Amino acid sequence: VTAEKGGYEHFMLKEIHEQPRAYRDTMLGRIDHDNHQVVLPELKLSVEQIKNIRNVQIVACGTAYNAGLIGRTVIEQFARIPVENDVASEYRYRSPIITPETLVIVVSQSGETADTLAALREAKANGAHVLAITNVVGSSIARDADDVLVTLAGPEIAVASTKAYTSQLIAFYLFGLYLAQVRGTMTKDEIAHVLAAMESLPEQVEAMLNNADTIKSYAEHIAKHKHLFFIGRGQDYAVVQEGSLKLKEISYIHSEAYAAGELKHGTLALIEDGVPVISLITQESVMEKTLSNIKEVKARGAEVLAISYEEHAAELLKSVDHVITIPKTLPVLTAALSVVTLQLLAYYASLALGHDVDKPRNLAKSVTVE
Ligand code: AGP
């Protein structure tokens, strides 16, 4: 049995370890190194259409939705186009405002999620151009979409999605840069700078995977708790939403992910002695602000783990109980690294609790009912 798991104890761990390969494969052939640009010949979307896009709607479920939250920050920053995120099961019922200048991006690992497929059909019926980011070439979503950007994560077996999420991030980085190229919102040098940082990501993930011991022991520690909180700002907030989902899904520990600045508007009432608060704090522009939110929870007895860059560890340790570091990358790409720590945290917490990591209760890999 471990043979089909490549020697790993679970598919989830195998798939976490496949991420460097999945990043490389998803980038392969899509970066023109001579000209420092992204090439996506598979897209039918014309230069004219790209120039005319007025808004983007990203629609998906679960982890794919969480990848879309990062997609939004990437497209807004690179191409300066306004983006909305929608949960697919809600999208159709809110009469979304769709025009021929709306680009709808549906994200789905399986390409078979019923809610996402229904949202795609609704968007098309209303005249939007629909781009699918999917891991399965012949899937229903791939067949129905106007355009397909395939992620090359390879088959994902564990119910908890890992390499599909991070491959979706890579697809968003590539697509965001492509939009920026066509619309002229970034210079050649700026694009080259991002591409170079992207190409370092696989090695950086490898380094993280070789240093997972601290994460494992922290996971064994949180496995003793019934509730915990995740906080972050900006991209870090999007990533902790994924970290919280992953932890709930396979460890059954209740957690909530909060925008760090929003805690004091209610949730702070739940913080009491010894409650773990996991703070993802990588976005330097808002670091001071998050640090003051960390102090708010510390003052109420929380036990805080900060996940950040090595260069901030000493300073953070003055205010928090534990620090786990991640390799440094550009702020816009940080999710592709920080999420790996949260995946491992969920995995080892589930393992410590003796749960069925690959097949958590009540859940199916692909949800084909609405
Ligand atoms: C992820 O860990 C979950 N199992 C789940 O949220 C999943 O991402 C969601 O059901 C969407 O699936 P899809 O990407 O195949 O559409």
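Residues are numbered from 1 along each chain as its sequence is written. In this predicted model, local features need pLDDT of at least 70 and side-chain atom pairs count only at pLDDT 80 or more, while totals for chains, interfaces and linings use all residues.

**View 1. Helix α11 meets helix α14.** The axes of α11 (residues 235-251) and α14 (residues 335-353) come within 9 Å and cross at roughly 20 degrees. Here the axes are lines fitted to C-alpha atoms over the stretch in contact, with angles from 0 to 180 degrees between N-to-C directions; helices are DSSP runs (H or I, at least four residues) and strands likewise (E, at least two), numbered from the N terminus. That makes α11 roughly parallel to α14 (angles under 35 degrees). Among the residues making the contact are Gly-243 and Leu-247 of α11 and Leu-345 of α14; contact means C-beta atoms, placed from the backbone, within 7 Å.

**View 2. Around Leu-345.** Leaving aside neighbours within four places in sequence, Leu-345 is in contact with Ile-215, Tyr-218, Ala-219, Gly-243 and Leu-247.

**View 3. Two residues with positive phi.** Most residues other than glycine have a negative phi. Look at His-36, in the loop between β1 (31-32) and β2 (37-38): its phi is near 50 degrees. His-36 counts as partly exposed, with 18 C-beta neighbours inside 10 Å (20 or more would be buried, 12 or fewer exposed, and partly exposed lies in between). Asn-362, in the segment after α14, has a positive phi of about 70 degrees and is exposed, with 6 other C-beta atoms within 10 Å.

How values were computed:
Parallel < 35°, antiparallel > 145°, perpendicular 65-115°, else oblique. Contact = placed C-beta atoms within 7 Å.
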